[in-house]
Amino acid sequence: MALDGIRMPDGCYADGTWELKMHVTDLNKDVSLRVTGEIHIGGVMLRLVEELDVKKDWSDHALWWEKKKTWLLKTHWTLDKYGIQADARLLFTPQHKLLRLQLPNMKHMKVKVNFSDRVFKAVSDICKTFNIRHPEELSLLRKPRDPKKKKKKLEGMEEDSLELEGPLLTPGSASEIIYIGPVKGSIYSSPGLYSKTMTPTYDSRDGSPLSPTTAWFGDSPLSEGNPSILAVSQPISSPDMLVKLYKPQSLLDKAKINQGWLDSSRSLMEQDVKENDVLLLRFKYHSFFDLNPKYDAIRVNQLYEQAKWAILLEEIECTEEEMMMFAALQYHINKLSIMSSDNHMNNSEKEVDEVDAALSDLEITLEGGKTSNTLGDITSIPELADYVKVFKPKKLTLKGYKQYWCTFKDITISCYKSREEAHGTPALQMNLRGCEVTPDVNISGQKFNIKLLIPVADGMNEIWLRCDTEKQYAHWMAACRLASKGKTMADSSYNLEVQNILSFLKMQHMNPDPQFIAEPINTDINPECLVSPRYLKKYKNKQVSPGRPFWVRRISARILEAHQNVAQMSLIEAKMRFIQAWQSLPEFGITHFLAKFQGGKKEELIGITYNRLIRMDAGTGDAIKTWRFSNMKQWNVNWEIKMVTVEFADEPSLAFICAEVDCKVVHEFIGGYIFLSTRAKDQNESLDEEMFYKLTSGWV
């Protein structure tokens, strides 16, 4: 008997070979090959294909090691180098698989994605296909499960929301998208890339390109057929959709949702994502760089949609006046979206010029940009000086606001008992660097308050400022926001911030003419699709008699009143205003995680934003302490005990243990925001992927 036929107890043969078991997923077939540890992965795949003897393009296939959850992509490595032995079972499977992707507008698409790429790269490819610039701001999130609903009901709801149709192939990135729904036809193309030199002509209502403008979309799938698939907002068809979707009931619920962010430095397969699984494509980092309506029709619309759903599902708090403003903007956008669909090709050059001029005032200045630090030829830093009411809350006190003559110089507010004493020693002085600034405004009640939480050695000091007019409030609020970042009123963004605040307040004004609300009931407004359940319930509870019309009439009247402030806006301008208003909300951009701080006795929340970390009370959401990234020296992670430690330049280090979430998710948020802060407009459009991994992966 030949030695090569004798099998040893360890599974190897006497000649040193052993059987490698593989499963070919396309054929649902098991195959065994006699191999040695010295054969390289490429050779294994070549022998496997020869053994199968099936005429097929196998170029997209690779080997997946189930037990170790690892792609064997280094084809020059040997089996010994990977540590593969006779007990291993490998899958020979396509790298590109279908993923059911829910976009920010809640519509589902079947997208063919590379399951062997890191998530960061996979998201970049998806965004290229959709023509969404700056893909580093987005990522994939697991769908949150509502514990009150059964799995079958959730799956049924998902299928109902598939509304786009037509197979679409993008050979450049090997991404394939299948739309399901009313839009007919097939489009075949490759993803287009953004160019700084392109000069698009776009629709004056929705910002999407007119058909001759191939430069806008390049070779993307949306350059033919119907370009409004992703660039135009679709009104919510029924209030039932809001009822079915999961709504977080507390800050702890919001923290649980954030447990679902995928690891950007690992592949989908490594994170147990299966073919046809549902994942959410969302803007993960709330730092929207170079948001330009001329080139970002789809990006702007998807941002608007994410903001809209966050407000309707009460993921972010807002006042009743703000809710009516958001509802009015939604109503206006819905109307113009329908009009733009009907008249997409009937726009004159004059309209395009007009909207171009209007949009020049709307470009958003973001933290990551390297803008000029001073305005024109300013030789001295501007100052504010005015009578402002100040309140410093203390336990067991009923004292109210006290009026001071306040001066705002650099990043410091000094309070004097009178204007005449302004050259003496101030009664109260506040350095606002690193403070938390929160608005407390009620337009109808003429309340314009600014809440300041100023960091001190043992926590935060709470100070309230009360302004008398909108104009005074806008200037002081803008100065406070800049000072909290260590910037003065000489910064180029100060005047823009003042104008944005005034614009935000103006949109909340209600029409004082009672004649205006006489006949709102005959309009096409459906308040249940425009207003969050919390405020709908408030209006319903005020109705004594059963039935629907009375409360609908009241809330419709409020929306129509607010609509008068936005009725002259173009569609793209309304979307941009909606996004800016969303950014102005106190809770905007705070991602919550449950954590236990070193020295603390109970679990609290750690909030992460684009420029700071916030220790928060888990019950109330109140800020306990704030740390700015600009003051951070370094951060480290102890992976065994899930502890994150952050060191600062001039204050004690911060340490906390992540609860109910992998500390990798928290680590990636911190590193991700640091990475985004390095972006500059004078850079090219390519991303430094390796720098992102160094800042976020922890082990690269």
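M106 is buried, with a relative accessible area of 8%; buried means under 20% relative accessible area, exposed over 50% and partly exposed in between, with a 1.4 Å probe and protein chains only. The model is predicted, so local features need pLDDT of at least 70, side-chain atom pairs count only at pLDDT 80 or more, and totals for chains, interfaces and linings use all residues. Residues are numbered from 1 along each chain as its sequence is written, and side-chain values use heavy atoms, with hydrogens and water left out.

M106 sits in the loop between β6 and β7. Helices (H or I, at least four residues) and strands (E, at least two) are DSSP runs, numbered from the N terminus. M106 is not a glycine, yet has a positive phi of about 75°.

Strand β6 spans residues 96-102. Seven of its seven residues are buried, so β6 is largely enclosed by the rest of the structure. In a regular strand the side chains alternate between the two faces of the sheet. From β6, H96, L98, R100 and Q102 point one way. K97, L99 and L101 point the other way.

Two strands pair if DSSP finds at least two bridges between them. With β7 (residues 108-114), β6 pairs in the antiparallel sense over seven bridges. R100 stands opposite K110 in β7. The two strands form a hairpin, with five residues between them. With β12 (residues 278-283), β6 pairs in the parallel sense over three bridges. Here L101 has L279 as its bridge partner.

D272 lies in the loop between α8 (251-257) and β12. D272 also has a positive phi, about 65°, although it is not a glycine. At 38% relative accessibility, D272 is partly exposed.
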